[in-house]
Amino acid sequence: MSASINCKEFADYFALPVYNGLNPACVFKLEGKPYAIEEYYLDDLKHTVHFKLPSQRIEEPVIVRELYEVAVALIQSFDELEMKCNRKQTLGYFSLGLSEISYMHSCLSNMCNKRWQVYPLHSRVTLEEQSNVFLATVPGYRKVILSTNIAESSVTVPDVKYVIDFCLTRTLVCDEETNYQSLRLCWASKTNCHQRRGRAGRVSKGYCYRLVHKDFWTDFIPEKSVPEILRCPLGTTVLKIKKLDMGGPKALLATALSPPNVGDIERTIFQLKELGALTTGVQTEDDPHDGELTFLGRVLAQLPVDLHLGKLIVLGHVFGCLEECLIIAAALSLRNFFAVPFKQHVDGYRNKLFFAGNSKSDCIAIVNAFKVNLFSGLFSIRAFNMCVNAQPSAMDQECVYKQRFILQVVIAGAFYPNYFTFGKCDEEIAVRRLAGKDPKTTVMLKNIPPYGYLYHKQLQSLFRQCGQVKSIAYDGSKAFVEFSRNPMEGFKILPAVYLSVKMSQLKIPLELNVHFPDDIEKQLQGVTAASVKSLRVNVDCQKQTVEPVEISFGTLQQSKMIPNRVLSIKITEIVEVGHFWGYRIDEKNRTVLQALTAEINYQNLMDLPVSPHPELVCLAPFTHVENREYYRARILYVCGDFAEVFFVDYGNRSKVPLKKLKEIPSCLRELPFQALEFKMCKMRPSAKSIVCGEWWSYSATQRFASLVNGYTLLVKVYSLVHSVLHVDVFHYSRCKKLVNIRDVLIEECYAELAEESYESQQSHDLLKGLFLDQVKKEEKMPVSSREEEKHLIERLLNCFSDNKSDVPTHKVT
């Protein structure tokens, strides 16, 4: 490890008083014999590169696209030069943050016929990836290192010959309002840049290329970095001053080598009082800019963590969740607890999402991840009589949920007043942007190329890392990707949606290999291209069908399953309180189900022609009854020799041996599914339920089951949203009195009243008019027109189904 300091500044600071002045401390110089390093700037490259060099502006510390091109051109030149001389030196390269490294990695990896081993080097790569940087290159290859500041003084790769430096750095800066640190892009100092230059020239002559103009380097690049005491929180420093009884913080810090701003000191003292680490006054005098150490302050001064994390540990001890708080503090102190293999950010985010559960909290994710692994105490807390108590061997579910709730309260108390909260979105705008699609299961893409439905397989493949794609709806330059939802899940945002949004935030490119428009239009044989160019098309990824979309009015189209506003139903599966599956038990529907079952079991059933997989619709026996008749079912998941299936006409599920699954005849595949999904309207969990469970408590679930099981139920339809019936639910009591289930749950404090969503209210108004006027009809596209468009789509898909390597790419967002 190496570092550079300003010797004169230190010598002057530690000067000794002598007669008539100060005598600076002695400085000893030891001359070394490093290899020579030549320096070059953008001005020196104007005759080397074949494109216009960018101008430098001090208000924009950023890497523009042209600078990436310069860097790639330089690396190519170095490679050709070293190849002529038959040398194997590493080509050193300095980048900045993860996104810049990722972009540069893509630029270098996409270059054909280049035998380069490109290594990213930053704090979040795995240990194996870090070790690879120091390995000898494969014969015939050359090493290129893309590094953050981590290699500036912490890592030495001995065979580096060339250094490319953008003269930029990411520096930890403290936000004045929140007192939290964040990395900010700014110009590096000359001292930093000299350190980077020193990475070369260790074993031979070196070369350093600074991608700034020489005048800019001379006039605007600062000589030295801003000292840490001027840009980082002062809280811990002030607490140590108070603990050592060294006087007032303002007076003592004024004598520092680089004295911090007085306003920063005063703000820090105010924040320490707000934290509870300092009292409001000194002895009997009320001094707003000073205070006495509290017990909490003495503890925080000794713990080697951020002050808020220290308070988290203390509150964890007070509220009986010390182990979890120690885990959070240890992991957050490491900053990058979740290692992310390079260019696998979606997988890394999926892991974090899995450990966070339904909390969406980084802290909860850390606790769960640590508990999976071994944990040992990282802080000396016994001096304060704090220790981790052994957890009981077995706890019921409600105790687990209550402990989790207490931990969330402790986290809120420790990080006050800085919270992250989910803002309430404008439902009306969201519904319009998604064209009525469910935002919990759907993401929207823009910039879709003409005839976008031709590339649905490519789009499905791009989102495969996020989840199972159910369908893709195309509307002009937009596409709506809908993911499959397990019918036994609650009404929560799918992890696939979070992962898709994360892909967008990480700017992971979504590129389609598109065909030339002229080639497509030739296949239309005189048909007006505009009629199918931006056609509304729906791709069903489960049925593998691509068809034009009927013009319909959403709720009206789905309302065919609701003959009346009041239905008599039987519940077959409870998902959670107020969310269940069932089917109608009126005479007409009973006859339909009986006829369907008879038709299925009359058929000569065949084994599945494909391997069982999730979302496959097939025939399966219901294993909980003796007759073992077959029913239509959808596979939820496959485990070993069994499959969990969902019966689409009844709404319940069963575990079935794979060898018992049968192919569904084509004549039975298109018939509408008869199972209905219900959600009780105008209701949400009460505070009591939330404390005792992640959403609905176990006791609330048990109570709801006792109110619906064994009763004949009536439901009054309020709305129909994304194929889910929002209803009021009633049963007849023993004294023949009609009981509203929601009223009972509210009265017993399991639930509370809530407003329905914007979509539900819109559907309610539409259904109200529909039931009042049964003569309203759904407007449809003429059959002949739909058949013609379907024929054109099939013709185009047959001609352009294969991907070709010589076609252009199109980026979607």
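**Helix 3**

I started with helix 3, residues 98-109: its 12 residues at 1.5 Å each should span 16 Å, and the end C-alpha atoms are 16 Å apart, so the two agree. This is a predicted model, by the way. Next I asked which residues of helix 3 are buried. I found E100, I101, S102, M104, H105 and L108. A reminder to myself: an α-helix has 3.6 residues a turn, so residues three or four places apart point the same way.

**Confidence**

The mean pLDDT of the protein chain is 80, and 82% of its residues reach 70 or more. One is residues 374-378, where I see five contacts beyond near neighbours in sequence. Another is residues 552-556, with 11 such contacts in the model. Where pLDDT is low, the predicted coordinates should not be read in detail.

**T268**

I looked up T268 and found it in helix 11, which covers residues 262-275. Is T268 buried or exposed? Its relative accessibility is 6%, so T268 counts as buried, the cut-off being under 20%. Leaving aside residues up to four places away in sequence, T268 touches L234, G235 and V238.

**Salt bridges**

I counted next: the structure holds 25 salt bridges. I picked out a few to follow up.

E9 pairs with K224, with the closest N and O atoms 3.1 Å apart.

E266 pairs with K250, and here the closest N and O atoms are 3.0 Å apart. E266 belongs to helix 11 and K250 to helix 10 (residues 249-253), 16 residues apart. I have E266 down as partly exposed at 24% relative accessible area, and K250 as partly exposed at 30%.

R634 pairs with E615, the closest N and O atoms being 3.3 Å apart. R634 is in strand 20 (residues 630-639), while E615 is in the loop between helix 24 (587-602) and strand 19 (617-621), 19 residues away. Are R634 and E615 buried or exposed? I found R634 buried, and E615 as well.

Key
Residues numbered from 1 in each chain as written. Predicted model: local features only at pLDDT ≥ 70, side-chain atom pairs only at ≥ 80, totals over all residues. Heavy atoms only, no water. Helix = DSSP H or I, 4+ residues; strand = E, 2+ residues; numbered from the N terminus. Buried < 20%, exposed > 50% of the residue type's maximum accessible area, 1.4 Å probe, protein only. Contact = heavy atoms within 4.5 Å. pLDDT = per-residue confidence, 0-100. Expected span 1.5 Å × (residues − 1). Salt bridge = Lys/Arg side-chain N within 4 Å of Asp/Glu carboxyl O.
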